[in-house]
Amino acid sequence: MPETSLDVPSDVPAQPIDIGGIARLQFDAAAELLGLSDSMQDQLRMPFREVAVHVPVLMGDGSVRSFMGYRVQHNGARGPTKGGIRYHPDVDREEVQGLAALMTWKTALLDLPYGGAKGGIPVDPGELQRFELERLTRKFTERTALALGPYRDIPAPDMGTDAQVMAWLLDEYSGKRGYSPAVVTGKPVSLGGSLGRDEATGRGVLITMQEAARDYSLPWEGARASIQGFGNVGGHLATLLHEQGVRVVAVTDAWGGVLNEDGLDVPALHEHADRSGSVAEFPEAEPLNDYGFWRVPCDYLVPAALGSVITKEDNVADLDCRMVVEAANAPTTPIADKILEERGIPVVPDILANAGGAVVSYFEWTQNLQQLRWEIEAVREALKKKMVAAYRNVAETARERTISLRTAAYLIAVERVAETEELRGH
Ligand code: NAD
């Protein structure tokens with residue numbers, strides 16, 4: 001294949017595809033550009049280890065409910081594997097495989113001494129009582145513990161799991177093996193979690209946005225940003241942008257959306273969302289539906305909720321933005337990505353833009369191993385250094401080789417992992 005600025009082979013399916021499919025296509029494009037041998041491509045495609053466990057849970061009504069739990073360690077050439085645990089009804093083995101591979105590329109791109117992993121249980125945590133959730137987590141931990149460990153595989157929170165779930169995991173693991181705070185990140189601060197972990201992904205998105213804005217000569221103070229999702233990532237990002245004087249004009253969540261051309265009052269929007277459970281019906285704004293959201297004129301469009309939301313079928317031709325910043329994982333389908341490139345709209349890719357959480361997880365792990373506690377300023381400064389270095393590396397590679405930021409990010413990540421595989425031998 002000739003060196004090209006397109007991210008994916010031309011035969012990509014037009015319809016939205018799952019996260020595993022998106023990650024595979026992006027890997028394939030980078031592997032082609034790097035000229036990796038077929039055997040190395042196979043080595044990097046196949047998961048290193050997969051653990052599937054039966055997780056029986058004694059429920060409140062006396063019945064026993066059976067779940068399946070998965071932990072996939074995609075590649076550990078660069079260090080212990082790292083990645084979240086997701087509790088969501090749509091979780092399946094293929095999705096966990098795809099997310100684990102994304103973590104391999106993300107940790108390599110940020111030059112963290114880790115490989116990639118992911119775990120998950122197909123369950124709606126909202127349907128379980130707290131003690132049922134605790135039993136589920138403890139049983140899953142007990143049955144996957146052989147594959148976990150501070151120097152083997154280190155979980156973290158993901159969709160449907162939080163610091164409390166990580167605290168149960170820590171307790172279950174430590175009960176059998178001695179106190180092991182470094183076995184998990186995203187813990188409560190009182191149990192060895194890091195200051196600044198909560199805001200880390202949103203802050204990382206902000207840092208890459210700022211760098212990209214400078215590179216592409218886009219306005220900053222007074223510029224307009226639209227954010228899909230007002231959870232951990234979107235909520236923190238909105239606050240940080242507001243503090244920077246960027247106008248957050250549109251925000252949506254699962255229940256609705258709001259628009260204010262002059263910029264939303266983000267602190268007031270947080271208070272409203274905390275009180276009512278949604279940004280919808282915020283008084284100082286107009287209501288906005290999903291269709292309208294994607295068509296709001298803005299400088300920065302930030303999907304910070306779901307995968308496969310920018311698609312050929314639904315919206316890509318109508319986006320009225322100057323840059324897309326992927327805070328969510330895999331929000332742009334490959335064909336939509338191509339169209340954005342043809343339209344000259346740069347995309348800051350997910351494995352770069354949303355890597356801040358992984359970076360501060362790494363800081364948490366190093367603090368645990370050394371029994372140290374960093375001040376918040378130290379965390380923020382170190383995060384900034386890591387994110388800026390990664391962005392600059394990606395931007396320079398993209399410029400030198402006339403490829404997109406996404407292809408450049410994959411190129412760097414895949415090359416690093418391939419080099420380590422080669423060095424470690426067989
Ligand atoms: P979250 O659960 O805290 O928030 C998700 C937000 O998206 C909520 O506001 C929810 O209402 C909203 N949402 C759900 N469905 C929606 C819809 N149809 N339309 C509009 N909004 C909708 O999740 P989060 O931690 O903020 O993660 C958001 C995204 O960022 C996910 O793709 C996640 O994989 C990715 N991500 C998160 C982190 C992290 O550290 N939290 C790190 C890397 C990537």
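1. A charge is taken to sit over a ring if NZ of Lys or CZ of Arg is within 6 Å of the ring centre and within 35 degrees of the ring normal. In this predicted model, the charged end of Arg177 is placed over the ring of Tyr173, 4.9 Å from its centre. Arg295 likewise has its charged end over the ring of Tyr291, at 3.6 Å from the centre.

2. The strands β1-β2-β4-β3-β5, in that order, form an open sheet with mixed pairing. β1 (49-58) and β5 (153-157) are the edge strands, each pairing on one side only. From one strand to the next, the twist averages 20°.

3. Between β1 and β2 (residues 64-75) the pairing is antiparallel and extends over 10 bridges. Leu58 stands opposite Val64 in β2. Helix α3 (residues 93-109) packs on the sheet and touches β1, β2, β3 (81-87) and β4 (115-121). The direction of helix α3 makes about 150° with that of β4.

4. Across the whole structure, 9 aromatic pairs are found. One of them joins Phe27 and Trp105, whose ring centres are 5.3 Å apart and whose planes meet at 15°, so the pair is stacked. Because Phe27 lies in helix α1 (residues 19-34) and Trp105 in helix α3, the pair ties together parts that are 78 residues apart in sequence. Phe27 is buried, at 2% relative accessibility, and Trp105 is buried at 1%.

5. The rings of Tyr362 and Phe363 have centres 5.7 Å apart and planes at 45°, so this pair is tilted. Phe363 counts as buried, with 5% relative accessibility. Ring pairs link Tyr362 and Phe363 with Tyr114, Tyr151, Trp365 and Trp374 in a cluster.

How values were computed:
Residues numbered from 1 in each chain as written. Predicted model: local features only at pLDDT ≥ 70, side-chain atom pairs only at ≥ 80, totals over all residues. Heavy atoms only, no water. Pairing = 2+ DSSP bridges. Helix = DSSP H or I, 4+ residues; strand = E, 2+ residues; numbered from the N terminus. Axes fitted to C-alpha atoms, helices over the stretch in contact; angles between N-to-C directions. Contact = heavy atoms within 4.5 Å. Phe/Tyr/Trp six-rings, centres within 6.5 Å; stacked < 30°, edge-to-face > 60°. Buried < 20%, exposed > 50% of the residue type's maximum accessible area, 1.4 Å probe, protein only.
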